[in-house]
Amino acid sequence: MQANPLLDFSGLPRFDAIRPEHVAPAIDALLAQAEAAVKDAEAVAPLTWGSFVVPLEDATERLWRAWGQVGHLQAVVNTPALREAYNANLPKVTRFGASLGQNLQLFAQYKALVAAPEYAGYDAVRRKVVDNALRDFRLGGAELDDAGKQRYSAVQEELAALSAKFSQNVLDATDAFALYVEDQARLSGLPADVVAAARAAAEKEGRPGWKLTLQMPCYLPVQAYADDRALREALYRANGLRASEAGPAELDNSALIDRILALRAELAGLLGFASYAEYSLATKMAQSPDEVLAFLRDLAGRALPFARRDRAELEVFARTELGLDELQPWDLGYASEKLKQARYSYSEQEVKQYFSEEPVLAGLFAVIESLYAVKVKPDTAPAWHPDVRFYRVEDAHGQLLGQFYLDLYAREGKRGGAWMDDCRNRRARASATQTPSAVQTPLVYLVCNFGKGVDGKPATFTHNEVTTLFHEMGHGLHQLLTAIGELPVAGINGVEWDAVELPSQFMENFCWEWMRVQAMTAHVDSGAPLPRALFDRMLAARNFQSGMFTVRQLEFALFDMELHSRFVPEQESVLQLLERVRDEVAVNRAPAWHRFPHQFSHIFAGGYGAGYYSYKWAEVLSADAYAAFEEAPDQLAATGARFLAEVLSRGGSRSALENFTAFRGRAPNIDALLRHSGMAA
């Protein structure tokens, strides 16, 4: 046990040393410690912050940190042995988490803490920790009878296992597909770097020709650039049928979807909520499912005229210029790219050659440094893969604020998409005089799935990928720059889920500023920066098809909220509900055989169940926040300092609306979002 890297909390995680066989012994030991700490906390007296909250957090934080490392590895370097270890320990960890939320003795201790003499001296941050804890006990089933608690725990345990299985099925179905092409003519139109990567993938397997996959660095370029319509269709069909009844039975998510929805409805009912959406919104800014649905439908009403115009223009162009009388789903990306090139003389692939990896990262860090008066520097740490980079963030005086891992490239065994997750949160330990004596600095993961450089060339990113990187860094900064020292409300902890995208979407705006873009570009061959004329064309194309993009996001959000608030499985199927939502807002319809829900990991495995609307909800906040910078272009540092002080550094220590209002001086409004999207009246 002394050599188990999952039990070493003395410094940075030892990702190079963690093996599947370490998982069970470490988790068992940490669970035993946490359970002992809970038992002590149930009866500790006298009741103070130091005697009750601190020791309880000490033990549970170690467990969650170790389990977080296991979960992270399962997402980025998935192997059969690691997956087996994760799945075997998941029920134990889930059971413990559920028991914490239902512990009546702890619930009573928190209520007694409010009545204790020292509570009057608590600052707003500690009061928020206690308020959240009392709320979470109620949401965790602490007030249920014994039978209800037992059922609640069983439901939570099964939901955790089903969500893990859902995500694993999507990963396995994605990795299982390969299309081998031996006729190079079929690759006509594809960018050279995509062709080179496909060739390298085939060579790695000792096969002739080119290997095409459903990994995004391959799939998206095929949809946008492949002249071979049958090739586009083949990959579109394979992608749309992943993890469904069309593939291996063991990877079919159909039954999992039905079971997850049934269990979520049961969970909500146990706690006295009318729907899972109501339960989910208990910790969010939005007050009710009706409020969310009204927000989404209001935005749909504003966006649909633009979306229908986008679709009509695309149909005319495809018919007259491309000879496509009927626009199929696998034609949308291809025809859209051709129309964009024709209208703006702008191509993502042309621009991509300028966004080389090193200048992009330097530009990203320069934005952070200019906004928040910090420094981002390379650092070293044990990592899970040779491609992983590691950095530190320091304040103006060289004081360490936090560190982050950066894992940029797609690979087999790595979950698709992009995300930020915390490995270790900020925590300040106080002395008897309440002066900080030690600070645990934040440590976060930033994960993307971009294409890696081939043939000795550096990786190059599309502008969309650059904005994705800025987006995830925004999440990271929310963790790294927090000034809060209490774990439950530091960083994104305690932040309402529908506001958590504010800092990430806010960062995307800087990818559209000329001086920023010029500084972060260098052509992969010549080293020349992006020409201003090309940027102007790129800027002109910024809101190209923004109507279609907006209603697509609204389709996902409406489907999610309807599914978790009004769906009655006895009256319609999940797919029928999706078609009903599409009748309302979609302008680009997927085929009837498409199985989008089977791959919708965000809501079935990623924490966004009854919360997908938060992307658009938070986009209102982020666009309005960025407008403050637009309104005072000569006061960048001052506005950045205010955003840091009122939003980023505050974490979940006060409500998101309070944070926003303190920064902006008023409540948010939708005008900036409509203007930025090219949909203002």
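1. What span should the 16 residues of helix α5 (residues 124-139) have at 1.5 Å a residue, and how far apart are its end C-alpha atoms? The expected span, taken as 1.5 Å times one less than the number of residues, is 22 Å, and the end C-alpha atoms lie 22 Å apart, which agrees. Helices here are DSSP runs of H or I with at least four residues, numbered from the N terminus.

2. This is a predicted model, in which local features need pLDDT of at least 70 and side-chain atom pairs count only at pLDDT 80 or more, while totals for chains, interfaces and linings use all residues. Residues are numbered from 1 along each chain as its sequence is written, and side-chain values use heavy atoms, with hydrogens and water left out.

3. Among the buried residues of α5 are Val 125, Val 129, Ala 133 and Phe 137; buried denotes under 20% relative accessible area (1.4 Å probe, protein chains only). The buried residues of α5 pack against α2 (49-76), α3 (80-101), α4 (104-115), α6 (146-176) and α11 (276-281), contact being heavy atoms within 4.5 Å. Just after α5, Gly 141 adopts a positive phi of about 90°.

4. The search of the whole structure returns 0 disulfides, a disulfide being a pair of cysteine sulfur atoms within 2.5 Å. For Cys 448, the closest cysteine sulfur is that of Cys 511, 12 Å away and therefore too far for a bond. Cys 448 is buried at 0% relative accessibility, and Cys 511 is buried at 1%.

Note on methods. Buried < 20%, exposed > 50% of the residue type's maximum accessible area, 1.4 Å probe, protein only. Helix = DSSP H or I, 4+ residues; strand = E, 2+ residues; numbered from the N terminus.
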